[in-house]
Amino acid sequence: MGNLSTQVKHFNEYLTRGETLEAMEKNFADNVSMHENEEVPRLGKNVCIEHERKMLAGVDNFEIRILNQAINEESGIVFTELDIRFTPKKGVPLKILEVSVQTWENGKITKDKFYYKAILKA
């Protein structure tokens with residue numbers, strides 16, 4: 001397993017334990033760009049973490065399962081298929097089946113784009 005594969009493994013461990021803020025803090029570059037579908041990207045580590053913190057404050061539970069993953073050590077590109085389940089406060093359980101495409105440079109995520117069709121009832 002190459003260096004990128006090891007870094008991604010550690011990142012995944014944070015995500016699947018529900019420690020998304022810690023995953024972002026440890027693995028995002030200061031100039032990271034996060035992009036949801038075709039929305040305007042969020043720019044900067046602090047902006048992305050604050051957005052995630054606000055989102056998590058609005059849910060009672062949040063779980064991520066990694067379904068499939070492909071890592072290109074040479075290009076630093078990581079494709080991950082995710083099953084995300086959460087329950088908004090005062091809401092019904094929901095799920096998103098999503099693909100994340102990450103660009104890693106110098107041991108940090110510099111770009112993370114998410115592709116998904118809809119948020120469904122779980």
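This is a predicted model: local features need pLDDT of at least 70, side-chain atom pairs count only at pLDDT 80 or more; totals for chains, interfaces and linings use all residues.
Residues are numbered from 1 along each chain, and side-chain values use heavy atoms, leaving out hydrogens and water.

Of the 30 lining residues, E36, E52, I84, E98 and F114 sit nearest the pocket's centre. A pocket here is an open set of points on a 1 Å grid over the protein atoms alone, where a 1.4 Å probe fits, with protein on both sides within 12 Å along at least five of seven lines; lining residues have an atom within 4 Å of a point. Strand 4 gives the largest share of the lining, 5 residues (strands are DSSP runs of E, at least two residues; helices are H or I, at least four; both are numbered from the N terminus).

Now for the salt bridges: there are 8 in the structure, each a side-chain nitrogen of Lys or Arg within 4 Å of a carboxyl oxygen of Asp or Glu. Here are some of them.

| Pair | N to O distance |
|---|---|
| E13 and K9 | 3.1 Å |
| R17 and E19 | 3.0 Å |
| R85 and D83 | 3.0 Å |

Shared partners join R65, D83 and R85 into one network. As for E13 and K9, both belong to helix 1, 4 residues apart, or about one turn of the helix.
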